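Q: I'd like to learn how to read a protein model, one feature at a time. Can we go through it together?

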Amino acid sequence: MEKKKKGGTLKAILAIVLILAVLIGAFVIFNSIYIDFLWYRETGYLSVYLTELVSKAKIGGALFIAFFVIFSVYFKLLTLSGGSTILKTNGGFVRKGLPYLIALVLAGFSAAAITHLMWYDILTFINSVPFGETDPIFNKDISFYMFRLPLYNGLIWAGAYLMVLLFMVTIVYSFIVVAGKSSDDRKAAESEKAKGFFSRLWNSYRLQTVLFLTGAFLLVGCFFLTRRYAILFKSSDLLYGATYTDVNITAPVYTIVALFCGICALTTLICGIAKKIKPMIAVYLITAVVFFIGQGAQFVVQRFLVDPNEFTKESLYLSYAIKGTQAAYGLDDINVKSYAVGYDLTAQDIEDNQVTIGNISINDYAPALDTYNSTQSIRTYYEFNDVDIDRYDLQGDYTQVFISARELDTGKLSENAQTWINKYMKYTHGFGYVISPVNTTTNTGQPVLIAYDIPTKTQYKEFEVKQPRIYFGESTDDYAIVNTLSGEFDYPSGSNNVENVYDGTAGIKLSILNRLAFCLKYKTTKFLLSAEITGNSRILINRDFIARVKSIAPFLSYDSDPYLVIADGKLYWMLDALTTSTDYPYSHPYSDEEGNNFNYIRSSVKVVMDAYNGDVTFYIADEQDPLVMVYSGIYPDLFVSLKDMPASLKAHIRYSEAYFNVQAKMYLTYHMSNTSVFYNKEDEWALATQYSANKTEQTVESAYLIMKLPDRDEEFLIMVPFTVINKDNMVAWMAGICDGDDYGELIVYQFEKNSAVYGPMQIEQRIDQDTTIAPQLALLAQEGSSLLRGNLLTIPIANSILYVEPIYIQATSSSTSIPEMKKVIVSYGDTIIMRDTLSECLDEIFGTKDGKVPQPDDGGKEDVPPDQGGTDEGGNSGEVSGDTASLVKKANELFEAAQKAQSSGDWSAYGKYMDELKAVLSKLAELTGGGTTPADTTGTDSTDNNTGDTGTPADNTADTPENTGGEGN
């Protein structure tokens, strides 16, 4: 008795624990849904969130009712025909209620699973729009494959799941029936063993088996009908899509097999009711024979007809694959132009292309980022996460700039400051931004800052911002609680900190109920216990831009690099969103670096987020993309037209870099439209290569530039050069237009076949082989410093090509040292030189016009006042005199002194010795009658003096606004 009590108590405890676990799990799920509801309502996209929930509820509810009826009827038929003793003798519930209970459970599970897998296919089916293009084999609109076929395939697999489920239930039930028979019945059953299990199943459940087999054959027939379309997505060594054998053998065989499956279904239904099994078996065997004959025919035709005559037989289908891939990746509307290279540029051409020349980037984004973080972080907890490239009209000059947001990283607070209040209530936002033109450097080789410091200082009204605080950003991951009793840290000011109270519109109000919800979400009681939080306090969540937009629209793909935009006195983030699919027929698939696979892509959406309020807007940039129009039909409140974007923001949209890179890579092969050339891969291209900063070979990255293309005005574009595969000579380059009415246009400039144009890697090799430049680079890279090769730019100008590469020096004595641009290498035709500035290079190569060469904006380097380390025009400290022997001795002494200064990181002394060495070598050249000038010997001028240790930001900057590195305190 006592044992029974203990057993009952244990069962009760287990039951209570189980119930509590279920309740807690349900509460956690409900809490997550509740917080999602609050957040989507706060962002203004509650309808987007409810679309999924409501659609799933409608679809799931309908499926549940349908499945419950099907299962209930089927199970009732089983109980009526099975005659199970167990079901007949073990009470009313077991006999009458159990089948319905099982039907209820299975219907619920099945409806939930199928709804989860198919709800989106159903919505795309309902909202599908035509492409206006058809496939070449079945002549169906592309929308059939994108929006309808996925649902058809899903329904077939759902039907297969139900058939298997019903079959398993029938088998289990038959065993229950046998187990439930009386002993006399079982003895009789022993004598029937020879008839076999399936024979007994047929005799006992003939009607159910007939219905089951009929449904199965109809399902298999539908499978083969839709399987025909799969040949358009078949991958082979030759092409992606249907081949000669697929079109002429495989598809017809699938159609015939589908027809025979229909005959099998009809035969099963008629003969099953008539109790005639032999005709059924005969039809089944004939269907199997037809299928295997078809498989054999495919092998024979491919092996003995197609393989020996591959190009002849497959040429037509190759053309389909080329056209399909070009259409799917937006390569079918490229404006291909011939570019006849002639090295006949003059000073007048340079002047005519002043906007292009004036925006050549002698700064690289990586060194610029190092400079920003070293000189403009102000405090350890501020961080510049990335440098973005954009363009602004500055006082009438169309100027390309680097721009970077100063965001706050609470992980960099000191260890004793890593408190909950500091991380989530006090240090809540970043502040301001840094901007520098891409085409100028200070006299020390660092970017010239034209917007800098906290609060932001700038002489350009275009960069004046009323609200510089960044609550939503590129690397703002944590939640923040605002409008608490204690003020938020705003920015440092001398020895004090300025505080701020958030007055924006973002955030979820922290009522008692909401505080409880966030306690559970973030697993802390501080939301309830903190006296700083009031009823007016709000919590900001999902503050990272990409994570925020992915939560709102997860069905879109996104560029990985948002960029900061200043417009109408506010800070915004912009991001390109892409539509992708795997269902475009005859289009070769692409796999990106994140492992995503697709064979259709468009850059159809521009996403904008307010950096202060977190407001997100999705603008449709390509209304010709059927996929984005389907999404717009599913989520009518999500998108707005690009026509509604303010002009101040529209001026900063860019051709998506992610989209452009995919197109460029696909174009390497699919620029070949001639099937013979494609088949033999006679004209396959590759992305050009160049040296990385540390002189390892790497692929040339696509670059944003302001440039004047032939027969066009200056405009902002993205470009990349192409070379012949396995060779380094350049054959073409691609440009994507970012500006004006031509936004989105793709242009390819292709060189003449018989022309030899240097590729970037060939220029790199020429630099290494140049007997003047190579020794100078070796000298710059002496012990104590490292030489960094900048990004080699390929600049097409007036049917010529100009190559520009900046050279950086970085001291190795300190981990915080800043790379400084010291030299610029320019290559044009067979000429290659290295000087201190781009303007010097252009002056020497192209000469002067009316006594003056047109200069890049600001001359390439920014002069600094004398008290900041500038030198006089000649860079010399005095007159140099002496005979040849003494001058040679003096030169050697100066060279050794310069090396020692460089090794110790004393750049001021190094510059002084190099200037003196230049003067000595110049005097020596005069005495010996040589023609070598100081510029030819050292490649430096008076602006090459440094003002101090590169590891000290204050020493590297001037007090003028243009040169200020920023005093943060």
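Q: Where in helix 9 does a kink lie, and shortly before which residue?
A: First, the ground rules. This is a predicted model, where local features need pLDDT of at least 70, side-chain atom pairs count only at pLDDT 80 or more, and totals for chains, interfaces and linings use all residues. Residues are numbered from 1 along each chain as its sequence is written, and side-chain values use heavy atoms, with hydrogens and water left out. Helices (H or I, at least four residues) and strands (E, at least two) are DSSP runs, numbered from the N terminus. A bend at a residue is the angle between axes fitted to the seven residues ending there and the seven starting there. In helix 9 there's a kink of about 30° at Thr250, shortly before the proline Pro252.

Q: What span should helix 9 have, and how far apart are its end C-alpha atoms?
A: The expected span is 1.5 Å times one less than the number of residues. Helix 9 has 30 residues (244–273), so it should span 44 Å, and its end C-alpha atoms are 44 Å apart, which agrees.

Q: Thr243 is in the loop between helix 8 and helix 9. Is Thr243 buried or exposed?
A: Buried means under 20% relative accessible area, exposed over 50%, and partly exposed in between (1.4 Å probe, protein chains only). Thr243 counts as buried because its relative accessibility is 9%.

Q: Which side chain makes a polar contact with that of Thr243?
A: A polar contact is a pair of N or O atoms within 3.5 Å; within protein, one must be able to donate a hydrogen and the other to accept it, and residues adjacent in sequence count only if both atoms are side-chain atoms. Here the partner is Asp246, at 2.9 Å.

Q: Which residues does a cis peptide bond join?
A: That bond joins Ile454 and Pro455, with omega about -15°. Pro455 lies in the loop between strand 8 (451–452) and strand 9 (457–458).

Q: How many cavities of 30 Å³ or more are there?
A: On a 1 Å grid over the protein atoms alone, a cavity is a set of points where a 1.4 Å probe fits but cannot get out, and lining residues have an atom within 4 Å of a point. Grid points are joined across faces, edges and corners, and a volume is the space filled by probe spheres set on the points. The count comes to four, and the largest cavity has a volume of about 90 Å³. Strand 32 gives the largest share of its lining, three residues.

Methods. 1 Å grid on protein atoms, 1.4 Å probe; cavity = no way out; pocket = protein on both sides within 12 Å on 5 of 7 lines; lining within 4 Å.
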